[in-house]
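Please have the sequence and the structure at hand while reading.

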Amino acid sequence: MYLEKINGPADVKALSEGELECLAAEMRRALLARLSRHGGHFGPNLGMVEATIALHYVFDSPRDKLVFDVSHQCYPHKMLTGRKEAYLDPAHYDDVSGYSNPAESEHDHFTVGHTSTSVSLACGLAKARDLRGEHGNVIAVIGDGSLSGGEALEGLDFAGELRSNLIIVVNDNEMSIAENHGGLYGNLKLLRETEGSAPCNLFRAMGLDYHYVADGNSISALIAAFRQVKDSASPVVVHIHTEKGKGYAPAEADRESWHFSGPFDLETGRPLYAEEAPDFSSVTADYLLSRMEKEPSLVAITSGTPTVLGFTPEKRKRAGRQFVDVGIAEETAVALASGIAAGGGKPVYGVYSSFIQRTYDQLSQDLCINKNPATVVVFAGSVYGMNDVTHLGIYDIPLLSNIPELVYLAPTTKEEYLAMLDWSTGQREHPVAIRLPGGEMISDGRTVTKQFGALNTYEVTARGSRVALLGLGTFYPLAQEAAERVARQTGVRPTVINPYYISGIDAELLEELKRDHQVVATLEDGVLDGGFGEKIARFYGSSEMKVLNFGLKKEFLDRYDVEEVLRANHLTAEQVADDVCALL
């Protein structure tokens with residue numbers, strides 16, 4: 001085997017082009033074996049094997065710096081830069097993250113897990129090199145899907161003025177996570193069809209030199225192109241046409257489903273684990289589709305992740321023009337939703353918690369200052385969500401709940417969620433965001449009669465005395481369980497409250513609790529700093545009420561064990577109950 005002997009880029013350079021082809025085949029087999037057992041980003045990595053080999057064959061990493069956009073395609077890079085054991089030996093599969101990571105290797109320059117960033121980051125490295133009078137190539141690798149993000153276009157715009165070495169490799173596999181959306185993809189198509197010769201050229205229009213590689217999975221063609229641009233004195237784009245999922249027939253045939261994969265049977269492509277029960281994504285799609293048939297002004301919006309809303313290709317076809325994918329452009333999605341709402345439509349924008357943070361300015365300026373009644377549904381905002389450091393879902397509460405005019409809601413069940421959607425898409429007074437619970441979806445079949453238009457009115461679900469537990473969203477069941485433990489340990493039956501509203505306080509209820517309660521505890525599935533609990537503590541600041549805030553410490557967690565994090569933050573029912581009892 002060749003791969004077993006690759007300890008760094010120098011070993012790649014020692015191979016002949018024929019041997020490089022053998023190396024590519026070995027790398028692809030190793031990727032398939034690991035992905036089938038471990039899961040991970042599938043299609044982007046299989047499509048980038050040859051390009052990564054060619055990059056390390058021509059350039060001199062780490063002196064020449066490779067910056068990977070979003071890192072969905074960095075597994076082959078890790079295999080060639082001293083981390084092959086993490087792809088060859090199951091015992092070492094978890095030694096590396098799924099993204100570029102400077103803590104792992106000198107060949108990685110940034111921890112990157114969000115899209116459209118590589119050109120801007122690479123421009124910064126190139127500028128620093130020039131200011132220091134140093135030499136070396138800086139190479140940004142960006143996929144065509146990432147070009148729809150605003151930062152990518154801003155980076156390209158700045159790159160045109162850099163006037164020094166910067167090489168931008170555009171990996172064009174004709175896909176984002178799903179299909180591409182946006183006008184610039186017409187130009188990419190034209191460039192592919194003309195093999196880069198069309199006079200209308202997005203990259204040349206931005207002042208960049210341009211080269212096209214028709215077969216982006218040909219090692220020899222890629223080596224020739226990279227040699228041509230190495231040590232260039234001005235910014236240049238190398239546009240390579242690759243095949244997403246190359247080398248695995250199911251992934252070549254269904255590129256969207258195989259963008260990311262859990263463990264699967266390598267022979268059949270079938271998942272190793274049973275299909276999951278209905279979740280908030282599928283429930284959302286079914287709910288919206290049923291209403292779309294009767295309400296032509298209702299529209300679902302996504303920013304490059306259609307299945308977060310449950311909109312599979314089939315369901316997107318059913319929705320027709322009432323489903324909009326703006327590409328990987330969260331800022332545009334929020335502004336678009338605001339405009340649709342201002343025009344009398346009913347927009348529902350679905351987005352992951354870790355991605356909504358890109359849109360603070362649009363939420364504040366474009367949406368909330370204008371008080372437009374758009375609905376934003378926040379998925380995976382939870383300690384139970386994605387656990388890579390780049391995809392943490394525990395910071396949205398401080399971000400969203402402190403924007404004036406925005407009503408941020410936290411359901412605890414499917415039924416509460418659908419009732420909130422009914423209200424938010426029917427009213428015309430408030431921008432609304434709904435934070436879905438983490439973990440398995442709870443459905444209790446209960447009819448929800450609450451009028452959510454009566455803002456900031458909490459619900460007392462169990463009336464007690466001395467102690468009140470406010471369990472927000474995901475942690476409402478935790479509050480219930482902790483209350484039962486307190487009752488068993490002390491004989492005191494606590495009051496349990498479902499707050500619903502993350503962004504406001506029920507002053508009347510909180511004032512009422514002063515009469516026969518001495519302790520109030522808040523439980524929230526997010527960081528405490530700037531969060532829900534601090535609002536309650538501030539309300540009681542000058543009173544005799546003792547307040548305990550349970551939530552997460554502000555820190556960058558990475559590939560964490562949920563139960564360990566909960567214990568470390570005193571977020572088990574036993575710990576909550578013990579802390580409460582200590583105050584009694």
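## Terms and basis

A crossing is left-handed if the near helix is turned anticlockwise from the far one by less than a right angle, and right-handed if clockwise. Helices are DSSP runs (H or I, at least four residues), numbered from the N terminus.

This is a predicted model, in which local features need pLDDT of at least 70 and side-chain atom pairs count only at pLDDT 80 or more, while totals for chains, interfaces and linings use all residues. Residues are numbered from 1 along each chain as its sequence is written, and side-chain values use heavy atoms, with hydrogens and water left out.

## Helices H15 and H17

Helix H15 (residues 330–342) passes helix H17 (residues 360–368) in a right-handed crossing. Their axes, which are lines fitted to C-alpha atoms over the stretch in contact, with angles running from 0 to 180 degrees between N-to-C directions, come within 9 Å and cross at roughly 15°. H15 is therefore roughly parallel to H17, a term for angles under 35 degrees.

In contact (heavy atoms within 4.5 Å), Glu331, Val334, Ala335 and Ser338 of H15 meet Gln362, Leu363, Asp366 and Leu367 of H17.

## Helices H20 and H24

Helix H20 (residues 476–490) packs with helix H24 (residues 573–583) at an angle of about 50°, and their axes lie 8 Å apart. H20 passes H24 in a right-handed crossing.

The residues of H20 that meet H24 include Leu478, Glu481 and Arg485, and those on the H24 side include Ala573, Glu574 and Asp578.

Technical notes
Helices (H or I, at least four residues) and strands (E, at least two) are DSSP runs, numbered from the N terminus. Angles under 35 degrees count as roughly parallel, over 145 as roughly antiparallel, 65 to 115 as roughly perpendicular and the rest as oblique.
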